[in-house]
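Please read them with the coordinates open.

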Amino acid sequence: CEKIKFYGSGGSVSFNPDECIRDLKKSRKIGLEGFKMRCGYKSLKDDMDRIKKVNDEIKTNVNGCNKLMLDRIMGTLRSRENLYSGRELLSNCIERDINIFWYEELFDPYNIIPYIHLKNHKNNNNYSNIALGESFTTKTEYLSYAKYVDFLQFDVTHFGGFTTTIDVINDLKELNYHKQFTVHIWGSCLSYIFNYLLAASCKSIEWVEFPLIELELNEIFLKEGN
């Protein structure tokens, strides 16, 4: 499907800048359009150093893998708010003129208030997209956040399968939700296959995650003769 765009998912929170750039180059070599790195484990100073170096590397070749996404992973480690806030990350990227295509789980995904405040007080000149949804388990969560984020993420292997996921997409369309969706994948090759099939069958899904990590489980699934 030509409409689908892919982004490499790597850049672990513990990676140093060179390791993040290695994943970026891997994404570029595969032919992916974007690269997502994770942040929040280190100090703000260290994370900004990592992000800046990856962004500088992207600028060296704007024709390949030129979209940078940041994942703060607040759905799994909300204690990271103690290191620095999502607002600080956002403002530092703006001050350094680092173009982030989307911020994923910039705030706690179970607290809608910061997302409402950000959306209501955005500056159109420096506002970046917000992505959210990988942790959601109910239709109500998607419907509640729809007005306040730019990319809603789906994962059929986490949300209960194709039927429940498609049901949410149809309800959002009925409510005149016109933004693009993305599928989140963080699991085995089966998770990738299922979510890719969802994206291929839904014209509203624009981005597909391509995990760069090699899981031992994949070797079992892909073993010849299985």
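1. Which side chains does a polar contact of 3.0 Å join? In this predicted model, the two are those of Glu104 and Gln153. The side chain of Glu104 also makes a polar contact with that of Trp102, at 3.2 Å. Glu104 belongs to strand E4, which covers residues 102–104.

2. Is Glu104 buried or exposed? Its relative accessible area is 0%, and because the cut-off for buried is under 20%, Glu104 counts as buried. Leaving aside residues up to four places away in sequence, Glu104 touches Tyr7, Lys36, Leu70, Asp71, Arg72, Ile73, Ala131, Glu134, Gln153 and His184.

3. Gln153 lies in strand E6 (residues 151–154), where Phe151 and Gln153 point one way. Leu152 and Phe154 point the other way, and all of these residues are buried. Strand E5 (residues 129–132) pairs with E6 in the parallel sense, over 2 bridges.

4. How many salt bridges does the structure hold? There are 13. Side chains of opposite charge can pair when their charged atoms come close. Three of these pairs are taken up in the points that follow.

5. The side chains of Glu57 and Arg28 meet in a salt bridge, with an N to O distance of 3.4 Å. Glu57 lies in helix H2 (residues 44–59) and Arg28 in helix H1 (residues 17–30), so this pair ties together parts that are 29 residues apart in sequence. Glu57 has 16% relative accessibility and therefore counts as buried.

6. Glu209 forms a salt bridge with Arg38, and their closest N and O atoms are 3.7 Å apart. This pair links distant parts of the chain, with Glu209 in strand E8 (residues 205–211) and Arg38 in strand E2 (residues 34–38), 171 residues apart. Both Glu209 and Arg38 are buried.

7. Asp56 forms a salt bridge with Lys52, with the closest N and O atoms 2.8 Å apart. Both residues lie in helix H2, 4 residues apart, which is about one turn of the helix. Asp56 is partly exposed, with a relative accessible area of 33%, and Lys52 is also partly exposed, at 37%. Elsewhere, salt bridges that share partners join Lys36, Arg38, Asp71, Glu104 and Glu209 into one network.

8. Which residues make the nonpolar surface patch of about 470 Å²? They are Phe162, Ile166, Leu190, Ile193, Phe194 and Leu197. The elements giving two or more residues to this patch are helix H7 (162–174) and helix H8 (189–201). H8 supplies the largest share, 4 residues. Leu190 is found in helix H8 and counts as partly exposed because its relative accessibility is 33%, which falls between the cut-offs of 20% for buried and 50% for exposed.

Methods:
Residues are numbered from 1 along each chain as its sequence is written. This is a predicted model: local features need pLDDT of at least 70, side-chain atom pairs count only at pLDDT 80 or more; totals for chains, interfaces and linings use all residues. Side-chain values use heavy atoms; hydrogens and water are left out. Buried means under 20% relative accessible area, exposed over 50%, partly exposed in between (1.4 Å probe, protein chains only). A polar contact is a pair of N or O atoms within 3.5 Å; within protein, one must be able to donate a hydrogen and the other to accept it, and residues adjacent in sequence count only if both atoms are side-chain atoms. Contact means heavy atoms within 4.5 Å. Patches are made of residues with over 30% relative accessible area and no salt bridge: like charges are joined within 9 Å, nonpolar side chains (Val, Leu, Ile, Met, Phe, Trp, Tyr) within 5 Å. Accessible areas come from the Shrake-Rupley method with a 1.4 Å probe; for residues, only the protein chains shown count as cover. A salt bridge is a side-chain nitrogen of Lys or Arg within 4 Å of a carboxyl oxygen of Asp or Glu. Two strands pair if DSSP finds at least two bridges between them.
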